[in-house]
Protein chains: 2
Amino acid sequence: MPFNARTLALPTTIPFVGPEALERRLGRPFLARLGANESVFGPSPKVVEAMSRAARDSWAYGDPEHHALRSAIADHLGIRFEEVVVGEGIDGLFGLLTQIVLEPGDAVVTSHGAYPTFNYHVTGHGGVLDFVPYRDDREDIDALIERMQAVRPKLVYFANPDNPTGSWHEADAVRRLMDAVPEGTLLVLDEAYSDLAPASALPAADELRPNVLRFRTFSKAYGMAGVRVAYVFGAAETVAHFHKVRNHFGVSRMAQGGAVAALEDQAYLSDVVARIVRARDRLGQIASSAGLRPLPSATNFVAIDCGRDGAHARRVLEGILDRQVFIRMPGVAPLDRMIRVTVGRDDELDRFAAALTASLADASD
Amino acid sequence: MPFNARTLALPTTIPFVGPEALERRLGRPFLARLGANESVFGPSPKVVEAMSRAARDSWAYGDPEHHALRSAIADHLGIRFEEVVVGEGIDGLFGLLTQIVLEPGDAVVTSHGAYPTFNYHVTGHGGVLDFVPYRDDREDIDALIERMQAVRPKLVYFANPDNPTGSWHEADAVRRLMDAVPEGTLLVLDEAYSDLAPASALPAADELRPNVLRFRTFSKAYGMAGVRVAYVFGAAETVAHFHKVRNHFGVSRMAQGGAVAALEDQAYLSDVVARIVRARDRLGQIASSAGLRPLPSATNFVAIDCGRDGAHARRVLEGILDRQVFIRMPGVAPLDRMIRVTVGRDDELDRFAAALTASLADASD
């Protein structure tokens, strides 16, 4: 069979097994879905209405230029239309990015334990990953700078706020990283959780640089994970390359219509963000009450340090899954001493609290 | 900037400019949208209902294994779950296919004037296209066999029924092509229009071969072009490679729910197919009445031979666009003496007929 060598060498494992697959394996449904950093508070009712309306028009392809949506995003950020490219989730945009940048063997620098789907697309296009460790459970900007200046990779990945730790850096630190990007390197700034971050953590949207690409999504605070719509913004001459390879008709009418409606309903977003902050505080209290350490979070989830090694955290996680609460954990040491729990409604957090207590009792036996 | 050489060499032109972009350029809306081979008859009302329901659940990612949809497709075709992979339209699947097969410089054989988006993904991954001409306005199976045996390309593309001509070959001829695929080559059998083809044109779905991939979509007869959902089926060990690189969460909840509902409503599909056949006959009559030759079609569109050269057909097309009817034409000689018109409702076909008559009068001046 004529598959290329790099594909034949790829593993069949995937970054994230879906909760549906776990349910099929466990033979029971989850009663709380707190593992994928989705927003249980859902999208704005106006978004649902816009998508239902678009469903009826879905005999027609969506606008391949995403004119209305890109205009709305550009207005929202105070940048120009040409500085925005829309795609099928940040994951889809990462697939395109690695396609247009990488040659087999090219180096890519990221943090050890950072977003696995970025790594997945890098290796899928023949890139070679080079890792720096987290420091104090945060991405280590100094280490990233040192490593990228030594390796001069094609891409450097940095998430702010970060997944899976929930940590963040202030805008000045991010700017320091931007300033240090060497010639021939692009900085991939993953801002999936930006709507949940303190304003002080985000460089101004119109601080565009030719060697920085910033990725944002409607999957998190806007509550549209199942819709698949995200965007990248940056200097026009940089983002233009996406148009040469993207799946032009790939963003559905429902996604385009829904995302425009989401941007128009900023009151709903503010309300959801407030609810997420309250639920996040409560999640931290649940962890503390159980004798565990919740990490500070600027996202819609909390990483909880289970205080021992990866095997222990894995036992805690399995006990929680067995009690029909879906959560996840980082896959890589030393972050794998944590479990990662998405915020939920009160009843879901009650269920998680009970499952955590029972699972910890089991895991300590 | 660190973009790879093959991307820097890619053109900024794209395979299809959307009708929305033409409307923005012309400054007026189209009154009939007959250019993108969408189904003006739309999806089943049950599909719209399923998608609206899924819109409310779209805070959650869709099942990345597409379990319900792949099961439904497998049942529908009489094949196994493992033999089906779902993706974001056939275009999206072509992007993945070229990613997993091609190395820069690899040869790919297709027909000169066949589906441009396949070519787009080939060149986007560094492949080099090698063309055989159409013969008598149909893909030339003998020429494809001869060429692939001489070139031994990684991929051979064959659409049945064909776009942009609407022509088709019988299953026996397709099998002859399958039998001739050399070692190290994959046959890409694009069956986007299969639901509109005579049964005699389609090899049985369970005739799986390790070196043949068959692509089908919900965009055409099922009326779901704006939803983005399609699938590839073939031998399990062949299609498995898509899982190593695909965007696992890329098919929306609305797409998955809608496609399952579409498969369940075969009565609606039969009704739409009958409506398309009637409209196609009428479109042929409109062409004949105008003194032009409609090509036989097994699709939801009719290619109309304008009887002179590409410049003439282009003038006819422009005159029709000016009259607010959106149609397209093949981009490559000798097929570019045709215009390509999607079937429409009666009022849309009336509008096209009037625009055609007027445009022909102008073009003959």
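This is a predicted model: local features need pLDDT of at least 70, side-chain atom pairs count only at pLDDT 80 or more; totals for chains, interfaces and linings use all residues.
Figure 1. The peptide bond leading from Asn160(B) into Pro161(B) is cis, and its omega is near -10°. Pro164(B) is also placed in the loop between β5 and α8 of chain B. Asn163(B) and Pro164(B) are joined by a cis peptide bond with omega of about 20°. Most peptide bonds are trans.

**Figure 2. A positive phi at Asn37(A).** Asn37(A) is a residue other than glycine, and its phi is positive, near 55°. Asn37(A) belongs to the loop between β1 (32-33) and α3 (45-56) of chain A. Most residues other than glycine have a negative phi.

**Figure 3. An aromatic pair in chain A.** Over all chains, the structure holds 24 aromatic pairs. In the pair of Phe16(A) and Tyr115(A), the ring centres are 6.1 Å apart and the planes stand at 35°, so this pair is tilted. The two residues come from distant parts of the chain, 99 residues apart. Phe16(A) is in the loop between α1 (5-8) and α2 (19-26) of chain A, while Tyr115(A) is in the loop between β3 (107-111) and α6 (116-124) of chain A.

**Figure 4. The interface of chain B and chain A.** Contact involves 78 residues of chain B and 78 residues of chain A. About 6,600 Å² is buried between the two chains, and carbon and sulfur atoms give 59% of this area. Trp59(B), Tyr61(B) and Lys244(B) together supply 13% of the area that chain B buries against chain A, more than any other three residues.

**Figure 5. Salt bridges and polar contacts between the chains.** Chain B and chain A are linked by 4 salt bridges. Asp63(B) and Arg24(A) form a salt bridge through their side chains, with N to O at 3.1 Å. Across the interface, 48 residue pairs are in polar contact. Several helices of chain B each supply at least two residues of the side that touches chain A, including α3 (45-56) and α10 (253-264). By class, that side of chain B has 33 nonpolar, 28 polar and 17 charged residues.

**Figure 6. The axis relating the two copies.** Chain B is superposed on chain A by a rotation of 180° with 0.0 Å of shift along the axis, at an RMSD of 0.0 Å. The two copies are therefore related as by a two-fold rotation axis. Ser52(B) has the C-alpha nearest the axis in chain B, 2.4 Å from it. The same surface serves both copies, as 100% of the contact residues of chain B recur in chain A.

Methods
Residues are numbered from 1 along each chain as its sequence is written. Chains are lettered from A and ligands numbered from 1 in the order in which they are written. Side-chain values use heavy atoms; hydrogens and water are left out. Contact means heavy atoms within 4.5 Å. Buried area is the accessible area (1.4 Å probe) that two parts lose on being put together, summed over both. A polar contact is a pair of N or O atoms within 3.5 Å; within protein, one must be able to donate a hydrogen and the other to accept it, and residues adjacent in sequence count only if both atoms are side-chain atoms. Helices (H or I, at least four residues) and strands (E, at least two) are DSSP runs, numbered from the N terminus. Ala, Val, Leu, Ile, Met, Phe, Trp, Tyr, Cys and Pro count as nonpolar, Asp, Glu, Lys and Arg as charged, and the others, Gly among them, as polar. Copies are superposed by least squares on the C-alpha atoms of residues with pLDDT of at least 70 in both. Rings of Phe, Tyr and Trp (its six-membered ring) pair if their centres lie within 6.5 Å; planes under 30 degrees apart count as stacked, over 60 as edge-to-face and the rest as tilted.
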